[in-house]
Amino acid sequence: MTPPEVADSAGPEPPAETSVLETHARLLERVNKLEQRVRRGEERRWALLHIMGDLNELNKRLAQQRKAMMHILVDYEQDRRRVVRQSERLDNSRRALLHILQDVHRSNERLGDGRKAMIHIMGDLRETTE
């Protein structure tokens, strides 16, 4: 039985040695192509492994940065609360100081009124003694 490609040809059948050599050459070519595909596949696999390793390292760094950011946010929140408390204390102190100043102002007005009264009394006493 002859191979289909040989049977289809219109010419006389090539000698058996030539067909074996051609088949061997085609097989070698096919083996070379398959070896190249295997090498490319191996290269891709190694590249993928390196990429996955890099991604793993990046994920670890991101996790560390996330932890650091959480610590920063916790510290920020504590500082913010501390500032709010200080602000409330300062506001309370300001209100107390305003009340004290109002009381001092009223006391000064009463002292001024008392001084005026003393001056009138002293004037009356002087007039009476003269």
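Reply: On the surface, Arg30, Arg37, Arg39, Arg40 and Arg44 gather in a patch of positive charge. A patch takes residues with over 30% relative accessible area and no salt bridge, like charges being joined within 9 Å and nonpolar side chains (Val, Leu, Ile, Met, Phe, Trp, Tyr) within 5 Å; Lys and Arg count as positive, Asp and Glu as negative, while His and the chain ends are not counted, and the place of a charge is NZ of Lys, CZ of Arg, CG of Asp or CD of Glu. This is a predicted model, in which local features need pLDDT of at least 70 and side-chain atom pairs count only at pLDDT 80 or more, whereas totals for chains, interfaces and linings use all residues. Residues are numbered from 1 along each chain as its sequence is written, and side-chain values use heavy atoms, with hydrogens and water left out.

Arg44 belongs to helix α2, residues 16-129, and counts as exposed because its relative accessibility is 59%; buried means under 20% relative accessible area, exposed over 50%, and partly exposed in between, with a 1.4 Å probe and protein chains only. The chain has 2 helices and 0 strands, these being DSSP runs numbered from the N terminus (H or I of at least four residues for helices, E of at least two for strands).

Salt bridges, in which a side-chain nitrogen of Lys or Arg lies within 4 Å of a carboxyl oxygen of Asp or Glu, come to a count of 10. One of them pairs Glu42 with Arg45, with 3.0 Å between the closest N and O atoms; both residues are in helix α2, 3 residues apart, or about one turn of the helix. Glu42 is partly exposed at 34%, as is Arg45 at 40%. Further along, Asp91 and Arg94 meet through their side chains at 2.8 Å, N to O, and Arg81 bridges to Glu77 with its closest N and O atoms 3.1 Å apart. Arg81 and Glu77 are separated by about one helical turn, because they are 4 residues apart in helix α2.

Definitions and conventions:
Accessible areas come from the Shrake-Rupley method with a 1.4 Å probe; for residues, only the protein chains shown count as cover.
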